[in-house]
Amino acid sequence: YRLLGIQQCTRGRLKGLIFEDHNGGEVVPLPAEETAEREREKRFPAPEAARAPMGILEDFGASPAKLPQKLLACRICITADAVNVDPDIFNSVHGNGLVYDGRLIVDHNFGTTDPAIYGAGSLCEFSRRFQRQNSRYLRHDGFNGREVGAKLAGALLKRLDPVNGDSVAAGGVGMTTQDLPSASMLTATEEESSPDLLPEFYMPIAKGGLLPGSLHYYRIHACRRGDMQEEPSIEEQVIVTDTLDLANGTGHFCRLTLDAFGKVDSITYLGGEALQVESLWSLVGLSETFLNYLYQRWRDNDIPDIVEFLADEWATALFHDRFMDFCHQIKLEMLASEEVKDLINKALEAVNLKEGLSRKLLTDIRKDLPSDSVKQIQDHLLDYLQENTNHLKTYFLSWQWAEQGARK
């Protein structure tokens, strides 16, 4: 069947679909009375109560090509097709001599074989020469579109302003002529911009929408790291709670998956309540232990609803806009400690990548951490809570105990 057109009711809503039948059937002429009735309906649409039965194909005369025509009465039409490149764009790519191998091929700076044409987004893919180096996922559809756009803008800025591009893109001030780098500095910069290095992507990818029945659907998952990235196969890595009641739209369905290293890899939500996508977004990439030992408590049937559990006051700090900066600061300081790096590298040597990190191994690493490093992490946590105490009033700090005692 080939779609020819649609019919609408008096309120402009979908009433029916008109198809052309290519199955070799014969045209069934409409009776004169029915033909006259069709003409009257076009001029004076029938009220809602008089519409035809839904989901039934009816004969509808002949199409302009003299083929049988069918009418399908319906109120909702859902179409689906494979995601592919638009034919016009495909012809433009080939017409300009650009390299196309299932996707438009670009280099690490998003440049094509034409120096005046740049590309980014689901249409594009990094050159395969980078894959041989580090087995990275190459197609841009596996990364956050906003992040890809920001990287593209930075690459264009370097092209338009080679002197100040890097500093301006990072939010700094451009250089003057006295600040121009020497020849030796230019050589070092060129080595740092080696084509063997791809941009780093880390932002999660979020999709969502409003489904029939006023149900809100969200799915947030981590960006692709490699070609061999599948759903968790270990039962422990999937956490599901379902309190959704479709009859009245209350409750929530929530599904979390953890990767081999115990980090939140994806979150799927379905429910009548609209959630803040930014809050779910901030959870992707966090270790499960940040979530108050979510898996262990779920396994013990202590968490009937993940959404209600994460909406509790204890989780306020996780959704603060400076929490990720706090985590990043701790990560950098731990990486600067040779003792910590040696401890982690030694522990990872015995890890089976298919099985991932066990909770016993994580517990052993925590026990072996140097006391100075543990104290450093605790101090940073207290500083973070104290600096943001105006928003994180749930947490009672040690200095507040001292103030309360002094008042008494």
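This is a predicted model: local features need pLDDT of at least 70, side-chain atom pairs count only at pLDDT 80 or more; totals for chains, interfaces and linings use all residues.
**Exercise 1. Find the salt bridge between E338 and K341, and say how the two residues are placed in helix α11.**

Step 1. The side chains of E338 and K341 meet at 3.5 Å, N to O. This is a salt bridge, because the cut-off is 4 Å.
Step 2. Count along the helix. E338 and K341 are 3 residues apart in α11, so about one helical turn separates them.
Step 3. K341 is partly exposed, at 29% relative accessibility.

**Exercise 2. Is I365 buried or exposed, and which residues beyond its sequence neighbours does I365 contact?**

Step 1. I365 sits in helix α12, residues 359-368.
Step 2. Its relative accessible area is 17%. I365 is therefore buried, since the limit is 20%.
Step 3. Set aside neighbours within four places in sequence. I365 then contacts L343 and A347.
Step 4. Compare chain and space. I365 and V340 are 25 residues apart along the chain, and their C-alpha atoms are separated by 9.5 Å.

**Exercise 3. Work out the strand order of the open sheet of 4 strands, and say which strands stand at the edges.**

Step 1. The order is β1-β2-β4-β3, with antiparallel pairing.
Step 2. β1 (2-8) and β3 (57-62) are the edge strands. Each has a single partner strand, so one side of each lacks a neighbour in the sheet.
Step 3. From one strand to the next, the twist averages 30 degrees.
Step 4. Zoom in on one pair. β1 and β2 (residues 14-20) are joined over 6 bridges in the antiparallel sense. L3 stands opposite F19 in β2.

**Exercise 4. Which side chain meets D59 in a salt bridge, and where do the two residues lie?**

Step 1. The partner is K70, at 2.5 Å, N to O.
Step 2. The pair links distant parts of the chain. D59 is in β3 and K70 is in β4 (residues 68-73), 11 residues apart.
Step 3. Check cover at each end. D59 is partly exposed, with a relative accessible area of 31%. K70 counts as buried, at 17%.

Methods:
Residues are numbered from 1 along each chain as its sequence is written. Side-chain values use heavy atoms; hydrogens and water are left out. Two strands pair if DSSP finds at least two bridges between them. Axes are lines fitted to C-alpha atoms, for helices over the stretch in contact, and angles run from 0 to 180 degrees between N-to-C directions. Buried means under 20% relative accessible area, exposed over 50%, partly exposed in between (1.4 Å probe, protein chains only). Contact means heavy atoms within 4.5 Å.
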